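Work through the following exercises with the sequence and the coordinates open beside you. Each task is followed by a solution that goes step by step.

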Amino acid sequence: MQAPCPEALLASVFGFSAFRPGQEDIVRAVTAGRNTLAIMPTGGGKSLCFQLPALCRDGVTVVISPLIALMRDQVRALRAAGVEAGALTSGNTDEETEEVFQALDAGRLKLLYMAPERLASGGAVALLRRMGVTLIAVDEAHCVSQWGHDFRPDYLRIGELRRALGVPLAAFTATADEETRAEIVTRLFDGQAPETFLRGFDRPNIHLAFQPKDQPRAQILAFAAARRGQSGIVYCATRAKTETLAQALREAGHSAAAYHGGMEAGARRDTEARFQREDGLIVVATIAFGMGIDKPDIRWVAHADLPKSIEGYYQEIGRAGRDGAAAETLTLYGPDDIRLRRAQVDESPAPPERKAADHARLNALLGLAEATGCRRQRLLGYFGETAGPCGNCDLCDTPPDLFDATEAVRKALSAALRTGESFGAGHLIDILTGTTTDKVRERGHDSLPTFGVGRDLTRAQWQAVFRQMQGHDLIRPDADRHGALVMTEAARPILRGEAQITLRRDLVRRAVAGPVVRA
Ligand code: ADP
Ligand code: ZN
């Protein structure tokens with residue numbers, strides 16, 4: 001597949017910033033028309049793996065799924081995104097069915113969802129052949145297993161359909177056991193092994209680490225200095241920053257090049273080629289870099305700014321260590337990043353449901369940044385995999401110092417509420433620590449009951465508390481009011497004394513990242 005089709009549609013139709021683990025490879029195989037069997041955990045993002053190829057291919061993709069409600073949901077969501085999709089199920093009204101046939105006859109339909117029972121009715125195969133079906137996608141493929149608890153006799157007709165149409169078939173399931181897989185291969189693919197995707201999402205050779213931003217440039221330079229001569233990527237949020245950071249790295253004696261979407265195509269290709277060819281080049285890039293890069297020995301990836309979403313994070317760190325040898329990552333984040341990412345979501349033209357989903361994906365990443373236990377466990381958990389502590393992340397290396405922060409958080413929330421949720425962390429910390437600034441005096445905030453109630457913590461500790469409160473989505477900066485901190489619903493139980501919260505005591509400290517030594 002040479003066409004850039006999948007990447008372009010990922011953003012424009014589905015509104016996603018990056019593929020989830022595993023999706024990219026599966027999408028490529030299905031789009032290329034190879035028979036595929038993909039085993040993905042529930043919630044892993046299966047539907048995209050046939051919906052996206054359906055849009056990139058000519059003709060109609062027929063999707064067989066056992067769950068009528070789910071089919072209807074997917075059709076509704078696709079239509080809302082401007083995709084021609086329809087369903088033929090027993091739940092249809094006559095008008096709905098008529099509409100589907102009209103779209104089919106007009107050659108407009110891209111995805112046709114069908115309940116397996118439909119295959120039993122005479123003429124279904126002939127009908128599908130007439131309609132120009134070019135791909136069959138089978139959701140919940142384990143339903144062909146006669147020994148499984150979800151057995152659907154009509155699924156046994158799918159193999160027949162594939163033979164009759166002579167088109168590729170892509171099967172999806174979350175059930176990974178060996179017998180079920182073998183049965184799927186026998187019944188859907190006539191025993192001829194399809195391209196199979198079973199890889200777990202874990203990339204155990206990649207070390208995960210986050211640090212709060214203190215002196216971000218110095219933090220990145222220290223990280224790079226400890227890995228001198230190794231190929232690496234630094235991701236930045238803005239084009240201007242890629243230039244200045246690349247310059248700083250060169251001044252520190254590294255070979256480094258900037259890369260961003262605003263550069264001329266020729267210059268971008270040159271940098272890509274240099275990166276593939278040279279050892280030890282550091283590319284400082286916006287997310288535009290990496291899609292087409294196939295370099296197995298990238299030894300490290302650093303984020304100078306917080307990525308957009310947990311999916312973006314996973315995809316970007318995933319460019320490191322493809323050869324399986326140890327690779328290191330470091331992600332920096334701070335209150336400004338959180339403000340920027342929140343504002344990007346709030347100010348986007350997306351509909352409200354998509355904004356809510358984008359906030360949730362950002363929350364997942366912030367939760368990972370402020371995690372109190374193994375990061376990999378949390379990351380994999382988000383993608384639906386269960387795992388124990390990994391022994392290869394900064395929090396496994398050095399378990400963080402935790403404390404019951406319930407009282408501190410309640411004090412912070414109360415300072416925000418008593419001042420009308422109109423101020424940023426700096427002013428609220430002045431109030432909590434009893435610091436009489438001009439602003440505090442002018443507003444009369446030195447007479448608030450919360451004034452000085454937080455003297456037990458230092459300013460730096462309060463900064464860490466406020467940052468973590470944002471990471472746990474207890475407060476959010478309000479883009480319309482210069483980032484004033486506003487309490488979220490999630491904070492209410494803590495304020496009321498119905499829930500407790502544990503935070504990390506780590507101070508905002510000058511971090512110097514050396515190579516991690518592991519036994
Ligand atoms: P399942 O594998 O259980 O069928 P779905 O296809 O329904 O999962 O996807 C689960 C959720 O993941 C959906 O809410 C979907 O919007 C979201 N999702 C799928 N792919 C991505 C992606 N690349 N980036 C962000 N979210 C995604
Ligand atoms: Zn770990």
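**Exercise 1: the ligand shell**

Task: identify which of the 13 residues around ligand 1 come nearest.

Solution: Phe16, Gly45, Lys46, Ser47 and Glu311 come nearest among these 13 residues, where a residue is near a molecule if its C-beta atom, placed from the backbone, lies within 6 Å of it. The model is a predicted one, in which local features need pLDDT of at least 70 and side-chain atom pairs count only at pLDDT 80 or more, whereas totals for chains, interfaces and linings use all residues. Residues are numbered from 1 along each chain as its sequence is written, while chains are lettered from A and ligands numbered from 1 in the order in which they are written. As the next step, helix α3 (residues 46-56) gives the most to the shell, with 3 residues.

**Exercise 2: the burial of leucine 245**

Task: determine why leucine 245 is classed as buried, and list what it touches.

Solution: Leucine 245 is found in helix α10 (residues 239-251). Leucine 245 counts as buried because 24 other C-beta atoms lie within 10 Å, the cut-off for buried being 20 or more. Leaving out residues up to four places away in sequence, leucine 245 touches Arg217, Ile220, Val234, Cys236, Val284 and Ala304, contact requiring C-beta atoms within 7 Å.

Note on methods
Helix = DSSP H or I, 4+ residues; strand = E, 2+ residues; numbered from the N terminus. Buried ≥ 20, exposed ≤ 12 C-beta atoms within 10 Å, placed from the backbone. Contact = placed C-beta atoms within 7 Å.
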